[in-house]
Amino acid sequence: MAAITLYGIKNCDTVKKARRWLDDQGVDYRFHDLRSDGLTEAQVTGWLSELGMDLVNKRSTSWKALDEATREQMTADNAAAVILENPTLIKRPLLDTGDARHVGFKADDYTAWLAR
(Lines give C-alpha, C1' and ligand atoms only; values in the text may rest on other atoms or scores of the structure.)
Protein backbone atom coordinates (compact mmCIF):
# COMPACT_ATOMS: atom_id res chain seq x y z
CA MET A 1 0.00 0.00 0.00
CA ALA A 2 1.21 3.52 -0.75
CA ALA A 3 2.25 5.86 2.03
CA ILE A 4 -0.75 7.36 3.79
CA THR A 5 -0.75 10.93 5.03
CA LEU A 6 -3.39 12.53 7.21
CA TYR A 7 -3.52 16.33 6.92
CA GLY A 8 -5.14 18.39 9.63
CA ILE A 9 -4.49 20.43 12.73
CA LYS A 10 -3.66 18.94 16.10
CA ASN A 11 -6.49 20.51 18.10
CA CYS A 12 -9.33 19.64 15.66
CA ASP A 13 -11.74 17.13 17.24
CA THR A 14 -12.48 15.41 13.92
CA VAL A 15 -8.77 15.04 13.19
CA LYS A 16 -8.31 13.53 16.67
CA LYS A 17 -11.08 11.01 15.94
CA ALA A 18 -9.50 10.08 12.59
CA ARG A 19 -6.05 9.68 14.15
CA ARG A 20 -7.46 7.54 16.96
CA TRP A 21 -9.31 5.37 14.42
CA LEU A 22 -6.19 4.94 12.26
CA ASP A 23 -4.13 4.06 15.35
CA ASP A 24 -6.78 1.57 16.57
CA GLN A 25 -6.81 -0.11 13.13
CA GLY A 26 -3.02 -0.35 13.09
CA VAL A 27 -2.77 1.79 9.95
CA ASP A 28 0.70 3.17 9.30
CA TYR A 29 0.34 6.84 8.40
CA ARG A 30 2.11 10.15 8.72
CA PHE A 31 0.38 13.17 10.29
CA HIS A 32 0.97 16.52 8.56
CA ASP A 33 -0.08 19.58 10.56
CA LEU A 34 -1.44 22.19 8.16
CA ARG A 35 -0.27 25.03 10.39
CA SER A 36 3.18 23.94 11.54
CA ASP A 37 4.26 21.76 8.59
CA GLY A 38 2.88 24.09 5.92
CA LEU A 39 1.65 23.47 2.40
CA THR A 40 2.93 24.01 -1.11
CA GLU A 41 1.06 25.61 -3.95
CA ALA A 42 1.42 22.35 -5.91
CA GLN A 43 -0.31 20.39 -3.13
CA VAL A 44 -3.20 22.81 -2.86
CA THR A 45 -3.76 23.18 -6.62
CA GLY A 46 -3.63 19.40 -7.00
CA TRP A 47 -6.19 18.90 -4.26
CA LEU A 48 -8.42 21.58 -5.73
CA SER A 49 -8.32 20.00 -9.16
CA GLU A 50 -9.19 16.61 -7.66
CA LEU A 51 -11.72 17.66 -5.01
CA GLY A 52 -12.93 21.04 -6.26
CA MET A 53 -14.54 23.26 -3.69
CA ASP A 54 -15.27 20.20 -1.51
CA LEU A 55 -11.75 20.89 -0.21
CA VAL A 56 -12.95 24.12 1.41
CA ASN A 57 -14.72 24.02 4.75
CA LYS A 58 -17.42 26.65 4.32
CA ARG A 59 -18.61 26.10 7.89
CA SER A 60 -15.25 27.01 9.43
CA THR A 61 -14.34 30.10 11.40
CA SER A 62 -11.64 30.76 8.80
CA TRP A 63 -14.25 30.84 6.01
CA LYS A 64 -16.53 33.14 7.99
CA ALA A 65 -13.59 35.48 8.68
CA LEU A 66 -12.99 36.04 4.95
CA ASP A 67 -14.53 39.15 3.47
CA GLU A 68 -17.77 38.62 1.59
CA ALA A 69 -16.27 39.40 -1.83
CA THR A 70 -13.55 36.77 -1.39
CA ARG A 71 -16.09 34.14 -0.34
CA GLU A 72 -18.45 34.94 -3.23
CA GLN A 73 -15.72 34.97 -5.88
CA MET A 74 -13.79 31.89 -4.71
CA THR A 75 -13.74 28.98 -7.14
CA ALA A 76 -11.57 25.88 -7.46
CA ASP A 77 -9.60 27.80 -10.08
CA ASN A 78 -8.65 30.72 -7.83
CA ALA A 79 -8.82 29.36 -4.27
CA ALA A 80 -5.20 28.19 -3.91
CA ALA A 81 -3.76 31.56 -2.88
CA VAL A 82 -6.43 32.10 -0.22
CA ILE A 83 -5.96 28.56 1.13
CA LEU A 84 -2.19 28.99 1.28
CA GLU A 85 -2.71 32.12 3.39
CA ASN A 86 -5.40 30.38 5.48
CA PRO A 87 -4.64 26.63 5.60
CA THR A 88 -7.43 26.05 8.12
CA LEU A 89 -9.88 26.65 5.25
CA ILE A 90 -9.19 23.04 4.25
CA LYS A 91 -11.92 20.65 5.31
CA ARG A 92 -10.39 18.33 7.87
CA PRO A 93 -9.06 15.83 7.99
CA LEU A 94 -7.72 15.31 4.50
CA LEU A 95 -6.69 11.70 3.98
CA ASP A 96 -4.18 11.03 1.22
CA THR A 97 -4.06 7.30 0.49
CA GLY A 98 -1.43 7.75 -2.19
CA ASP A 99 -3.82 7.31 -5.09
CA ALA A 100 -6.78 9.42 -3.90
CA ARG A 101 -7.62 12.22 -1.50
CA HIS A 102 -10.66 12.33 0.77
CA VAL A 103 -11.97 14.96 3.19
CA GLY A 104 -13.82 14.50 6.44
CA PHE A 105 -13.97 11.48 8.69
CA LYS A 106 -16.44 8.63 8.92
CA ALA A 107 -15.14 5.26 10.06
CA ASP A 108 -17.09 3.36 7.37
CA ASP A 109 -15.65 5.59 4.64
CA TYR A 110 -12.10 5.13 5.94
CA THR A 111 -12.61 1.36 6.01
CA ALA A 112 -13.74 1.40 2.37
CA TRP A 113 -11.05 3.82 1.18
CA LEU A 114 -8.22 1.92 2.86
CA ALA A 115 -9.48 -1.45 1.56
CA ARG A 116 -8.85 -0.37 -2.04
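**Sheet, helices and core**

H32 is buried, with a relative accessible area of 7%. Buried means under 20% relative accessible area, exposed over 50%, and partly exposed in between (1.4 Å probe, protein chains only). The model is predicted: local features need pLDDT of at least 70, side-chain atom pairs count only at pLDDT 80 or more, and totals for chains, interfaces and linings use all residues. Residues are numbered from 1 along each chain as its sequence is written, and side-chain values use heavy atoms, with hydrogens and water left out.

H32 sits in strand β2 (residues 30-33). Strands (E, at least two residues) and helices (H or I, at least four) are DSSP runs, numbered from the N terminus. The H32 side chain reaches the backbone oxygen of G38 at 2.5 Å. Residues up to four places away in sequence aside, H32 touches T5, L6, Y7, G8, D37, G38 and L39; contact means heavy atoms within 4.5 Å. Across the strand pair, H32 in β2 stands opposite Y7.

The sheet is open and built from four strands, in the order β2-β1-β3-β4, with mixed pairing. Strands β2 and β4 stand at the edges with a single partner strand each, so one side of each has no neighbour in the sheet. Neighbouring strands are turned by 20° against each other on average, direction ignored. The pairing of β1 with β2 is parallel and runs over four bridges; strands pair if DSSP finds at least two bridges between them. In a regular strand, side chains alternate between the two faces of the sheet. In β1, T5 and Y7 point one way, whereas L6 and G8 point the other way. All four of these residues are buried.

Helix α1 lies across β1 and β2 and runs at about 160° to β1. Helix α6 lies across β1, β3 and β4, at about 20° to β3. Axes are lines fitted to C-alpha atoms, for helices over the stretch in contact, and angles run from 0 to 180 degrees between N-to-C directions.

In α6, the buried residues are Y110, W113 and L114. They cover an arc of only 90° around the axis, which puts them on the same side of α6. The arc is that of the directions from the helix axis to the C-beta atoms. D108 and A115 are exposed on the other side of α6. Cover for the buried residues of α6 includes β1, α1, β3 and β4.

Helix α2 buries V44, W47, L48 and L51. Down the α2 axis, these buried residues fall within an arc of 100°, so they line one face of the helix. The face turned away carries exposed E41, A42 and S49. The buried residues of α2 pack against β1, α5, β3 and β4 (101-103).

The largest nonpolar core has 37 residues, of which L6, L55, I83 and Y110 touch the most other members. Such a core is a set of buried Ala, Val, Leu, Ile, Met, Phe, Trp, Tyr and Cys residues joined through side-chain atoms within 4.5 Å. Elements giving two or more residues to the core are β1 (5-8), α1 (13-24), α2 (41-51), α5 (80-85), β3 (94-96) and α6 (107-115). Beyond its neighbours within four places in sequence, L6 contacts residues including V15, A18, L22, F31, H32, L95 and Y110.

How values were computed. Polar contact = N/O pair within 3.5 Å; in protein donor to acceptor, adjacent residues only side chain to side chain.
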